[in-house]
Amino acid sequence: MTNYLLAIGTRKGLFTATSQDRKTWSIERAPLASDEVYAVGIDTRRATPRLLASSFSNHWGPSVAHSDDLGKSWQEPEQAPVRYPDWTGSALKRVWQLQPGRDGEPEVVWAGTEPGALFRSEDGGVSFELVDGLWNHPQRAKWSPGGGGLCLHTVLPHPTDTQRMTVAVSTGGVYQTTDGGTSWAPSNRGIRADFRPGDEPEFGQCVHKVAMHPDAPDQLFAQNHGGVYRSDDGGRQWASIAEGLPSDFGFPMVAHPHRPGSVYVFPLIGDFDRRPADERARIYRTEDAGASWQALSSGLPQEGFHPAVLRDAMCSDGGTPAGIYFGTRSGAVFASADEGESWYELARYLPDVLSVRAAVLD
Amino acid sequence: MGQVTVRVPGALREFAGGDRLVVVDVPAGEPPSVSAVLDQLSDSHPALERRIRDETGALREHVNVFVGSNNVRDLERLATVIPAGAELIVLPAVSGG
């Protein structure tokens, strides 16, 4: 029997949804505080899948908790799970990303944080250590916060080369390492930055999300703060693939789990009107690496639809056919069990959705 | 060895073993500062203390700490000295919610 799990991080706590057929779902509120859950992770590499959730309380600050019983109970270590070392003079604001590592490194979990930094866990996401190499990059001092804060929101370990990794920072841009994190270089050539004068900068672009298919790790897709891009050479050069979309502004970028060259986005009108175009809910998908785009809206609201979808509020479950999910700032979650061809409302009246992750549990 | 009582708000009692009060040992002699008490609390109840101060030692923006009835932000902040017999009271600020 196949079981599907969807973790939904919201402005007021975490919810889990489970299903055996991706038609009917059982939704439960996780027994965590009513805090902002910016990042969720489902680590299926373990014998017992582990859920990870970051939380942020306006009063009590940030934390990361994990659950080994599919969200029924949660543990937080006695010592802070993510802590900036004293020598940085900085303090953790939020954890924006919790990314399980490569298959061959089952205890490694990555965390992307605010202020912009990368942390590595070697105990399955219980405790994390700062990756010094990126923190010490001389350009970091010139990164500036986007509207949500100076967040490292995307962590893409190369699927086979343990020395290579791509991260993305708003607003710093895309950075890559080829030596296991010791040194990092900006990787933004071809990406414009409309919010600053002058020529295209080496770094400082406002990237919102980057996606990669593990079978084609040199092909990267980026949704930027104005601009949708693809790189075919591992990030050395980017080119626009925005033609055919109603807008080049948006937040999420999700790779199809089985077909390289297929990604999903949710375009918004623009920087100063962050609502979907034509007041309609439409996911856009490309099957040809951005040469063309198809609007997917069957079953989605076709009028009077205003909420945005945040950068981590769209995901795939990895199933066959692929399930695709997105949550809105109005507290709805929409699901497709057929790769986006048709949709239905999985949940409504939740707090605004900040993050979703889904998995198939055998 | 002296002692200072820390009064824990309801939202944080799960990090104090469910207790409303946590008694912190402090060196005998000079009255301790708020920082010194929180340093001790960091050793005995780290998950509680990090919800009051961040890892740089700064008091979290929307947490108020009182010595008796006085907000330490109106005194010497974390350097405020706690007189003998006074309690340290931690409360969430209304600005945070």
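Some conventions first. Residues are numbered from 1 along each chain as its sequence is written, and chains are lettered from A and ligands numbered from 1 in the order in which they are written. Since this is a predicted model, local features need pLDDT of at least 70 and side-chain atom pairs count only at pLDDT 80 or more, while totals for chains, interfaces and linings use all residues; side-chain values use heavy atoms, with hydrogens and water left out.

Start with A:Thr154. This residue sits in strand E11, residues 151-157 of chain A; strands are DSSP runs of at least two E residues, numbered from the N terminus. A:Thr154 is buried, at 2% relative accessible area, where buried means under 20% with a 1.4 Å probe, protein chains only. Its side chain makes polar contacts with the side chains of A:His153, at 2.8 Å, and A:Lys209, at 3.4 Å. A polar contact is a pair of N or O atoms within 3.5 Å; within protein, one must be able to donate a hydrogen and the other to accept it, and residues adjacent in sequence count only if both atoms are side-chain atoms.

Next, the interface. Here 20 residues of chain A are in contact with 20 of chain B, contact meaning heavy atoms within 4.5 Å. In chain A, A:His59, A:Trp60 and A:Glu78 lose the most area to chain B, together 51% of what that side buries. Buried area is the accessible area (1.4 Å probe) that two parts lose on being put together, summed over both; for these chains the figure is about 1500 Å². The rule finds 2 salt bridges across the interface, a salt bridge being a side-chain nitrogen of Lys or Arg within 4 Å of a carboxyl oxygen of Asp or Glu. A:Glu76 and B:Arg51 meet in a salt bridge at 2.7 Å, N to O.

Last, the rings. How many aromatic pairs are there over all chains? The count comes to 10. Rings of Phe, Tyr and Trp (its six-membered ring) pair if their centres lie within 6.5 Å, and planes over 60 degrees apart count as edge-to-face. A:Tyr84 and A:Phe119 are an edge-to-face pair, 5.1 Å centre to centre with 65 degrees between the planes. These two residues are 35 apart in the chain. A:Tyr84 is buried at 0%, and A:Phe119 is buried at 0%. A:Phe326 and A:Trp343 also pair edge-to-face, at 5.3 Å and 70 degrees.

How values were computed
Helices (H or I, at least four residues) and strands (E, at least two) are DSSP runs, numbered from the N terminus. Buried means under 20% relative accessible area, exposed over 50%, partly exposed in between (1.4 Å probe, protein chains only). Rings of Phe, Tyr and Trp (its six-membered ring) pair if their centres lie within 6.5 Å; planes under 30 degrees apart count as stacked, over 60 as edge-to-face and the rest as tilted.
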